Amino acid sequence: MPPSSSLDFPSDLLAAQEELHQVRSELLALLKRLPWSVEPLDGFSDTGGWRSVERPASPGWTPDEQAEVEKLRARERELAVSVTCHGYWEQLSGADVVTARARLKHVHDPAEDSGHADD
């Protein structure tokens, strides 16, 4: 039977999942702030397709920005492997694994914390 609350998940698995959410949030925020192109490129306008696309000139990313993105992506990969390959999953099978993994992803959501989550 899948866990019914965060209390049923091991603390290290909960911590890894929470850090994974945080790292993904940081990475997304960083990518939104950075120029659209890693390398310096001229701007362009394409109005001939099914959807118009316009981009201003991009100065590219600095070496520090590239390093920060790579650092966050590497940590995201480490955490994703840690969560998905955790030994906890071996005690579940079939649909219970799917249900438990879905619950784990949302265990820190406000609805989960208040006990009013929809299943």
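This note goes through the aromatic pairs and the salt bridges of the structure, point by point.

1. Basis of the note. The structure is a predicted model, in which local features need pLDDT of at least 70 and side-chain atom pairs count only at pLDDT 80 or more, whereas totals for chains, interfaces and linings use all residues. Residues are numbered from 1 along each chain as its sequence is written, and side-chain values use heavy atoms, with hydrogens and water left out.

2. Aromatic pairs. The structure holds four aromatic pairs, where rings of Phe, Tyr and Trp (its six-membered ring) pair if their centres lie within 6.5 Å, and planes under 30 degrees apart count as stacked, over 60 as edge-to-face and the rest as tilted. One of them joins W36 and F44, whose ring centres are 5.6 Å apart and whose planes stand at 80°, so this pair is edge-to-face. W36 is partly exposed at 34% relative accessible area, and F44 is also partly exposed, at 36%; here buried means under 20% relative accessible area, exposed over 50%, and partly exposed in between, with a 1.4 Å probe and protein chains only.

3. The cluster around W89. Ring pairs link F9, Y88 and W89 into a cluster. R101 lies over the face of W89, at 4.6 Å from the ring centre (a charge sits over a ring if NZ of Lys or CZ of Arg is within 6 Å of the ring centre and within 35 degrees of the ring normal).

4. Five salt bridges are found in the whole structure, a salt bridge being a side-chain nitrogen of Lys or Arg within 4 Å of a carboxyl oxygen of Asp or Glu. One of them joins the side chains of E19 and R75, at 2.9 Å from N to O. E19 lies in helix α1 (residues 11–33) and R75 in helix α2 (residues 63–84), so the pair ties together parts that are 56 residues apart in sequence; helices (H or I, at least four residues) and strands (E, at least two) are DSSP runs, numbered from the N terminus. E19 is partly exposed, at 29%, and R75 is partly exposed as well, at 30%.

5. Other salt bridges. E68 and K71 form a salt bridge with their closest N and O atoms 3.8 Å apart, and both residues lie in helix α2, three residues apart, about one turn of the helix. E68 is partly exposed, at 30%, whereas K71 is exposed, at 54%. The side chains of R77 and E70 meet at 3.0 Å, N to O. Salt bridges that share partners also join E19, R75 and E78 into one network.
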